[in-house]
Amino acid sequence: IMDNGWYRLIKYETTDGGKTWVNQGYESDVSGLTLYSSPIITKFITKEVGIVSYRCAADDGDLCNRTWLTTDCGKTWFWITQLSYPFELSVYRGTDVVDFKLVDGRYLLTVRVFDGKESIDHNIRYISDDLHSWTLVE
């Protein structure tokens, strides 16, 4: 949402599975988001745990400052921590979070990696026990 020339991510909380939402203020540090940014994924995998992630600009490569997680129904949000990639990100490569789910009590994050010049388009996966430390799944 653009407000007085600044981009801010408005945060909402739900305690009833998304039937009603309560405004929880805004996140002012949204560097990289523009007026044209829209979420690639907005999903709750439990009543408490959810994700919002925006497309990562091709010249930026790092989706971490465009991906927020919550563990308290959306009352507070935090950025995903730095992910390690199995390759060097080029200026042409982009990343999107395309799936987020709970598998056997662990969190699974699927990231799409694409590069229009080389027609690279594949998914890589990360696993976490606590949403703070992520390990590449080979």
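Buried means under 20% relative accessible area, exposed over 50%, and partly exposed in between (1.4 Å probe, protein chains only). Keep that in mind as you click along.

This is a predicted model, in which local features need pLDDT of at least 70, side-chain atom pairs count only at pLDDT 80 or more, and totals for chains, interfaces and linings use all residues. Residues are numbered from 1 along each chain as its sequence is written, and side-chain values use heavy atoms, with hydrogens and water left out.

Start by colouring by pLDDT, the predictor's confidence in each residue, from 0 to 100. The chain averages 75, and 67% of the residues score at least 70. Go carefully at residues 1-5, where pLDDT stays under 50.

Next, select Phe44 and Trp77. Rings of Phe, Tyr and Trp (its six-membered ring) pair if their centres lie within 6.5 Å; planes under 30 degrees apart count as stacked, over 60 as edge-to-face and the rest as tilted. The whole structure holds four aromatic pairs. Phe44 and Trp77 are edge-to-face, because their ring centres are 6.3 Å apart and their planes meet at 75°. Phe44 is partly exposed at 26% relative accessibility, whereas Trp77 is buried at 15%.

Now move to Phe100 and Tyr107. Their ring centres are 6.2 Å apart with planes at 15°, so this pair is stacked. Both Phe100 and Tyr107 are buried.

Finish at Thr110, which is buried with a relative accessible area of 5%. Show its contacts (heavy atoms within 4.5 Å): beyond four places in sequence, Thr110 touches residues including Asp96, Val98, Asn123 and Arg125.
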